[in-house]
Each structure stands twice: as structure tokens, then as C-alpha cells.
2 protein chains.
Amino acid sequence: MSSEHRLSPTSYIVLALIGGAGEATPYDLKQAVAMTLGNFWSVPHAQIYAEPERLAEGDYLSERREDGGRRRRYYKLTEKGEKALGDWLAEPTGEMAELRDPGMLKLFFGGNPERLASAQLATHRQRLTELETLAEQMEGQPQVPRGYLLTVRAGLGHEREWIRFWSLIEQGEEP
Amino acid sequence: MSSEHRLSPTSYIVLALIGGAGEATPYDLKQAVAMTLGNFWSVPHAQIYAEPERLAEGDYLSERREDGGRRRRYYKLTEKGEKALGDWLAEPTGEMAELRDPGMLKLFFGGNPERLASAQLATHRQRLTELETLAEQMEGQPQVPRGYLLTVRAGLGHEREWIRFWSLIEQGEEP
DNA sequence: GTCCGAATGGTCTGTTTCGGACGGTGTGAG
DNA sequence: CTCACACCGTCCGAAACAGACCATTCGGAC
């Protein structure tokens, strides 16, 4: 019945989102990801439909399917799911972040630093602005979950660091 | 003969490393990655054996195989490969970095911030020390490629930013 | 009403990626 | 000589992924 699956970060994202919503369809998850998590962790939508299915197989979720029309699938945490999620959240992690930065790659292999810098600065500045807007909007609404707020702030910090770094490069200074 | 493949970041890593070495076996690449690039971009070793094969099929690399013993494969850039590499390096990129940080994920979903912070601080501090050592060693040797130096410095900056962020969290302050 | 287009909701397919197990080959210490 | 260990390479199954495609609903123009 419950063959043993290994739970990936994506699995926990799905579990956590469904846990938060009570009951949700994959589409709801897709929306939720786009509005929040998507800011710092991408999950392709095909994944978001496939993962709940896998999780249901492993008894982490229970599934209820609409009869007519869209035949939506609604998912809920099972007890096993609740437990898995709770355990994961309770366990802090020292695991390292992984950073994949195409700009760094070119820099590493000898791409022209100044030209790279100006391209990178453009996108990082834009991103910073977006995040700043987001952060401001959140100030207004006090019921924003603390975790969300903190991750946005973390994002701000990183964008600023990137901008600092590339600015120095652009100026031809040693960073 | 030269069916059209799409070149991924991994492809360019392989091309660039082989370009730098003149001629190399996949194992050489594996070593090279481990010593340098691995600091900020992971490439699973199975990839490192598979990719040159694909690239050779696309005429980006030429292959020469040892007769006896290990039957090592030696790869070299073809003209097409040189061109592809040159073009890639010359073209700056505005593409965004992708950051996948398991700690952030837990923070986002409501994991205990202080406990997370102390676990994360431990690994980031360790990483910072490693990078500092690396950077110092490089100061001595003036023939270290500039790109390598710069990416290590970028890494230092990010580690410091992470430490700043998590320290604030640990202290219970608003970051 | 009814027709159209947009937004919604879901599925499928062909490739890549990835981790990890496993299997040969050389070599030097005893 | 031979055993242990480092070196070097291959293979496999499970996921991840991009992105095309299909079906349903809804809201407004007419």
C-alpha cells in the first residue's frame, strides 16, 4: 500500500501548502507557489500536478475527485502526511544552499567582467525593485506569515549583495 | 553527422574546461570541477562522463581513445567547439541566478527561526572559513585566473550576507 | 440567447538530470 | 607475489523538466 518514497524538497512544499490550505487542488498549489514561494524557489507546474499523485500513493495525502466538469482532484493531508510535515519543520537543517548563477559561470571562465556586470546589474536592480515593492505591500498587512516576510527580507539582502559585487566589477575595482 | 543539440550550462562547463586544458579525459574534468567550479556550481560526475560524449556527437569535440588498459577517452575542441565556446563567453548574460536554500524553505513554512538560524550559521561560518583560506592561498600565486579569483570573492560576499541575515534572526531582531 | 475569446484547470511526451551502485585497472607496501 | 586501495569508467532507474496540448468555464458583445 504505502511503498516507500523518498521525500524531496518539492514533496515538502506540496505537503506544507496543502497543510496550510486544509484541502487543495493542484491548481490551487500552482497559484500559491506563483504568488509566494516562486520568489525564491521555482517549481515547474508539471511537477505540481505529478507530486501530489506520488504523495497520495505513499499515503501522505488523501484524494477526492470531483465527478462532473473539471474533475478536479482535491487533496488533504493524512495523518502520515501531517507527521512527515511536522517532523520536517521541527528538524532544523544545516544543509547548504545551492546557487546556480550563469553570470558567475561566465565570469569564472573568463568572460568580460565589465560587460557581464552591466547585464547582471540590470536584472538584479529590477529584481530588487520588485522585492522592495513586495516588502512594502506586506508592511501594510499585519497578517502576513512571519516566514514569508523573513524570506523576502533575505531576498532583499542577497540582491543588494549581488548589486554591490557587480557594481565594483563594473567600476573596475577589486571586489 | 552533427545533429543539433541544445547546449546547456553543463555543456559549456565541459567545453571551457577542455578548452583550458587542450586535451582532457572526463576524469581530468571531474578533478578540475572538484577543485575549482565545485565551489559554486555542482555537476554530478555521471554528467561529466555523459556530456563529452554528447558533445562529440555534435562535433563540438573530437575523441581519441586509448587502446590498452583503461581505454581512456581524450577529448579536444573542434573548430565548431571553439566557436561555440567563444560565442558563449563573448555574450554577456542577464539571466538570473537560481538559489535553492533548504533553510529558507523551512523558514518560509514556519520552521523555528532561532533553531534554524543556529544550524545555518554553523555551516555558513564553516564555509566562509574555507573560502577565506582559499582566497589567501590565491593571493600568493599571481597566475591564478582572474575569473577564479573573482568568483571566490563573490562567494565570500554571499557567505557574509547569509551570516549577517541568520545572525539577526538568531538574536531575535528584525532583519 | 449565443458566440467568441480569455482565463482556468489538467494531462502527456520526450529528454535530461541525478544519485548511487558497481565493475574493471593499475600500483606500491609488505 | 598479492592484496588493498586508489584510480577510472559505466550503467541504471527514478525524478525533474520544458513545453505543447486538450478540455471546461465564464463573461461580455451582439
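Author: The buried residues of helix H4 of chain A pack against helix H1 (9-21), strand S2 (61-65) and strand S3 (73-77) of chain A, where two residues are in contact if their C-beta atoms, placed from the backbone, lie within 7 Å. This is a predicted model, in which local features need pLDDT of at least 70 and side-chain atom pairs count only at pLDDT 80 or more, while totals for chains, interfaces and linings use all residues. Residues are numbered from 1 along each chain as its sequence is written, and chains are lettered from A and ligands numbered from 1 in the order in which they are written.

Helices (H or I, at least four residues) and strands (E, at least two) are DSSP runs, numbered from the N terminus. In H4(A), the buried residues are A:Gly81, A:Ala84, A:Leu85 and A:Trp88, buried meaning that 20 or more other C-beta atoms lie within 10 Å of a residue's own, exposed that 12 or fewer do, and partly exposed in between, with C-beta atoms placed from the backbone. Because they cover an arc of only 95° around the axis, they lie on the same side of H4(A), the arc being that of the directions from the helix axis to the C-beta atoms. On the other side of H4(A), A:Glu79, A:Lys83, A:Asp87 and A:Ala90 are exposed.

The 12 residues of H4 (residues 79-90) of chain A should span 16 Å at 1.5 Å a residue, and the end C-alpha atoms are 16 Å apart, which agrees; the expected span is 1.5 Å times one less than the number of residues. Chain A as a whole has seven helices and four strands, and 32% of its 175 residues count as buried.
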